[in-house]
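The sequence and the model are shown first.

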Amino acid sequence: MERLLDISAGIDRGQELSEDDFDFLRNIREILDDLDEIQSGPAPADTAIQPASGPALGIVVGHMKSAQGAFATSPINASEYEWNSHLAGLILAECAARNVEAQVFYRDGVGISGAYKQVDAYGATCVLELHFNAAKGNARGTETLYDGDTNKMSESWANALQVAMVDVYGRTGSADRGLKERDPGDRGYKSLSSSDIPSALIEPFFGDHPGDAHLGHETKKALAAAIAETAATWLLTS
């Protein structure tokens, strides 16, 4: 609460938000959105999850229809929820082409914890949550979040995804923002610690940066293929 009050006071004084403070506020908003979704969202359908028959990938679409996350500038012109719902379908098709079992899960009506309970019921071997980043148009690059305490293999899984995405985008230098380990209270921690399987949250690009938005738009199918190929290799060797 003290940090929130300090940020508020700084804004009142006309101070520019730092990237860290902006990220902190995004985390607060996501926590509140998640609680609101659980409390007021529609009751989840009482449908049994069909378990995977073998090693499988869980794909969680970040945010909800009621709170869709960051909004990307042209040429994407879509929210995280909208863009990643479509990306999830592309990944699913690429997985099918590689004989990789996969299923998409949504947080709508059940929140973060409910979505990951479904991932566990499915019996996923590893899981990734789909997002894109935002920082008031002041940053660009690719990063992947993970929690190394809940499952020791999460860092390796996150790194495999990061390497694949950096290759898709041709990132070099500071545009490869690397891995970011999450601790309790950090943005993304709840998603990354909700299931005891290798888990990662991907932030392929900054949707509010014009250059990154163009990059994300032009390489969407390549991103889906890279994620599916990474999952195929991971499930075969891990």
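In this predicted model, Asp212 and Arg140 are joined by a salt bridge, with 3.0 Å from N to O. The two residues belong to distant parts of the chain, 72 residues apart: Asp212 lies in helix 7 (residues 210-218), and Arg140 lies in the loop between strand 3 (126-130) and strand 4 (142-146). Asp212 is buried, at 0% relative accessibility, whereas Arg140 is partly exposed at 37%.

A salt bridge also pairs Glu143 with Arg177, at 2.7 Å from N to O. This pair too links distant parts of the chain, with Glu143 in strand 4 and Arg177 in strand 5 (residues 176-181), 34 residues apart. Glu143 has a relative accessible area of 2%, and because buried means under 20%, Glu143 counts as buried.

In total the structure contains eight salt bridges. Three of them are listed here.

| Salt bridge | N to O distance |
|---|---|
| Asp212 and Arg140 | 3.0 Å |
| Glu143 and Arg177 | 2.7 Å |
| Arg98 and Glu94 | 2.7 Å |

The bridge between Arg98 and Glu94 has a partly exposed residue at each end: Arg98 has a relative accessibility of 28%, and Glu94 has a relative accessible area of 24%.

The nonpolar interior comes next. In soluble globular proteins, nonpolar side chains tend to be buried together. The largest nonpolar core in this model consists of 40 residues. Within this core, the residues with the most contacts are Leu57, Ile59, Trp83, Ile91, Leu128, Leu130 and Trp157. At least two core residues come from each of strand 1 (56-61), helix 3 (80-97), strand 2 (101-106), strand 3, helix 5 (154-169), strand 6 (199-203), helix 7 and helix 8 (220-237). Helix 8 gives the largest share, eight residues.

Which residues is Leu128 in contact with, leaving aside neighbours within four places in sequence? Leu128 contacts Leu57, Gly58, Ile59, Val60, Trp157, Leu161, Ala200, Ile202 and Ile227.

Another nonpolar core, of 13 residues, lies apart from the largest one. Val110, Tyr122, Val127 and Ile197 are among its members.

Note on methods. Residues numbered from 1 in each chain as written. Predicted model: local features only at pLDDT ≥ 70, side-chain atom pairs only at ≥ 80, totals over all residues. Heavy atoms only, no water. Salt bridge = Lys/Arg side-chain N within 4 Å of Asp/Glu carboxyl O. Buried < 20%, exposed > 50% of the residue type's maximum accessible area, 1.4 Å probe, protein only. Helix = DSSP H or I, 4+ residues; strand = E, 2+ residues; numbered from the N terminus. Core = buried A, V, L, I, M, F, W, Y, C linked by side-chain atoms within 4.5 Å. Contact = heavy atoms within 4.5 Å.
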